Amino acid sequence: MKKAVLILISILAYVSLNAQDASFIPTKEGAVCTYKYLDAKGKPQTVKKTKEETFLRYTVSKITEEADGMHIEILNETNLFDELEQNEVNTKLMEDIKKMNFRIENNTLYADNMLAKTSALMSSQFEKMASGDMKMDMTTEGQQVRIPLDLSVGQTLPEEEVMKITMKMTGIMNMTFYTTTTYKNRKVEAKEDITTPAGTFNCYKVCYDLEVGMDMGMMKQGATQKIVEWLSPEIGTVKQETYNQKGKLESTMLLSETKNI
């Protein structure tokens, strides 16, 4: 479960920080970017069942100019979830993750909110679990992730509450609690060259905290991960590091190959 959560966070970070000159996402149909994942020791992560190295590959499938800006459709291929149980939830989850939509308008990128989409699916499963004297109602909210295209060193990016879940339990016990996922302390810290298996890229280094909080009335708790992204204006994410609350590196995502860029 922990690995699945980290994977979702890495995908979300890729989506939210991949934003024309500086589009932070390829704007050519047929462009392909492939990423590989490394563990805390720098070794390739693998799928337990097949021993294959984990990967995420996206292809720009369609670009259209519309009244509200440029629309970019991306198709994803990944084996990150191959070891999860194959059931209805995971099938629908993969269908949601397979296609992502971006829009560029007024020098801002608007990206699909992946956490909100997957949480909406979770909500439907909670409704199925409601039975007898105990009922559960779960609702999710999540704004589109907005990224300004005019990045500069020292720039502070807007805080984003990317997901809020409200869960109400009634029957034997009555309880309402909330969980929120927020991007905080987002800042462009530097501009530097980064080398990966795909080549060397001049990138903006963007750091932020991914804060997950739970509010159960009398009891509140939370956890924070630090995400460091290196973003190429022409491609988007080139490298991403995820650190735990203690500042220990947990995983790295690297751009390993590009085609038709």
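Predicted model: local features only at pLDDT ≥ 70, side-chain atom pairs only at ≥ 80, totals over all residues.
Biologist: What does the secondary structure of the protein come to?

Modeller: Three helices and 13 strands. The protein has 261 residues, and 46% of them count as buried. Its accessible surface comes to about 13,000 Å². Carbon and sulfur atoms hold 50% of that surface.

Biologist: Why is Glu160 called buried?

Modeller: The relative accessible area of Glu160 is 0%. Buried means under 20%, so Glu160 is buried.

Biologist: What makes Glu160 and Arg186 a salt bridge?

Modeller: Their closest N and O atoms are 4.0 Å apart. The cut-off is within 4 Å, and the pair is listed as a salt bridge. Glu160 sits in strand β8 (residues 160-171) and Arg186 in strand β9 (residues 175-196). They are 26 residues apart, so the pair links distant parts of the chain.

Biologist: Is Arg186 buried or exposed, and how do you know?

Modeller: Buried. Arg186 has a relative accessible area of 1%. That is under 20%, therefore it counts as buried.

Biologist: Strand β9 also holds Asn185. Why is Asn185 called exposed?

Modeller: Its relative accessible area is 56%. Exposed means over 50%, so Asn185 is exposed.

Biologist: What is the phi of Asn185?

Modeller: Near 55°. That is a positive value in a residue other than glycine.

Biologist: Where does Phe24 lie, and what is its phi?

Modeller: Phe24 is in the loop between α1 and β1. It has a positive phi of about 55°, although it is not a glycine.

Biologist: How do you know whether Phe24 is buried or exposed?

Modeller: Its relative accessibility is 0%. The limit for buried is under 20%, so Phe24 counts as buried.

Biologist: What makes Ile25 buried?

Modeller: A relative accessibility of 1%. That falls under 20%, so the label is buried. Ile25 lies in the loop between α1 (2-17) and β1 (32-38). Its C-alpha atom is separated by 8.4 Å from that of Ser232, 207 residues apart along the chain.

Biologist: How many salt bridges does the structure hold?

Modeller: Nine. One of them joins the side chains of Glu77 and Arg57, at 3.3 Å from N to O. Glu77 is in strand β3 (residues 69-78) and Arg57 in strand β2 (residues 55-66), 20 residues apart.

Biologist: Why are Glu77 and Arg57 called partly exposed?

Modeller: Glu77 has a relative accessible area of 44%. Arg57 has 25%. Buried means under 20% and exposed means over 50%, with partly exposed in between. Both values fall in between, so both residues are partly exposed.

Biologist: What makes Lys220 and Asp215 a salt bridge?

Modeller: Their side chains meet at 3.9 Å, N to O. The cut-off is within 4 Å, so the pair qualifies.

Biologist: Which residues are linked in a network of salt bridges?

Modeller: Asp68, Arg103 and Glu105.

Biologist: Which residues gather in a patch of positive charge?

Modeller: Lys41, Lys43, Lys246 and Lys248, on the surface. Lys246 lies in the loop between β12 (236-243) and β13 (249-259).

Biologist: How do you know that Lys246 is exposed?

Modeller: It has 80% relative accessibility. The threshold is over 50%, so Lys246 counts as exposed.

Biologist: Why are β4 and β5 called paired?

Modeller: Four bridges join strand β4 (residues 99-105) to β5. Pairing needs at least two bridges, so they pair. The two run antiparallel. Phe102 stands opposite Ala111 in β5. Their hairpin has two residues between the strands, and Asn106 takes a positive phi near 50° there.

Biologist: What makes β5 and β7 a pair?

Modeller: Four bridges join β5 to strand β7 (residues 145-148). At least two are required, so the strands pair. They run antiparallel. Leu109 stands opposite Ile147 in β7.

Biologist: Which residues of β5 lie on each side?

Modeller: Thr108 and Tyr110 are on one side, Leu109 and Ala111 on the other. In a regular strand, side chains alternate between the two faces of the sheet. In β5 (residues 108-111), all four are buried, and both faces are covered.

Key: Residues numbered from 1 in each chain as written. Heavy atoms only, no water. Buried < 20%, exposed > 50% of the residue type's maximum accessible area, 1.4 Å probe, protein only. Patch = residues over 30% accessible without salt bridge, like charges linked within 9 Å, V, L, I, M, F, W, Y side chains within 5 Å. Areas by Shrake-Rupley, 256 points an atom, 1.4 Å probe, with all protein chains shown as cover. Lys, Arg positive; Asp, Glu negative; His and termini not counted. Charge placed at Lys NZ, Arg CZ, Asp CG, Glu CD.
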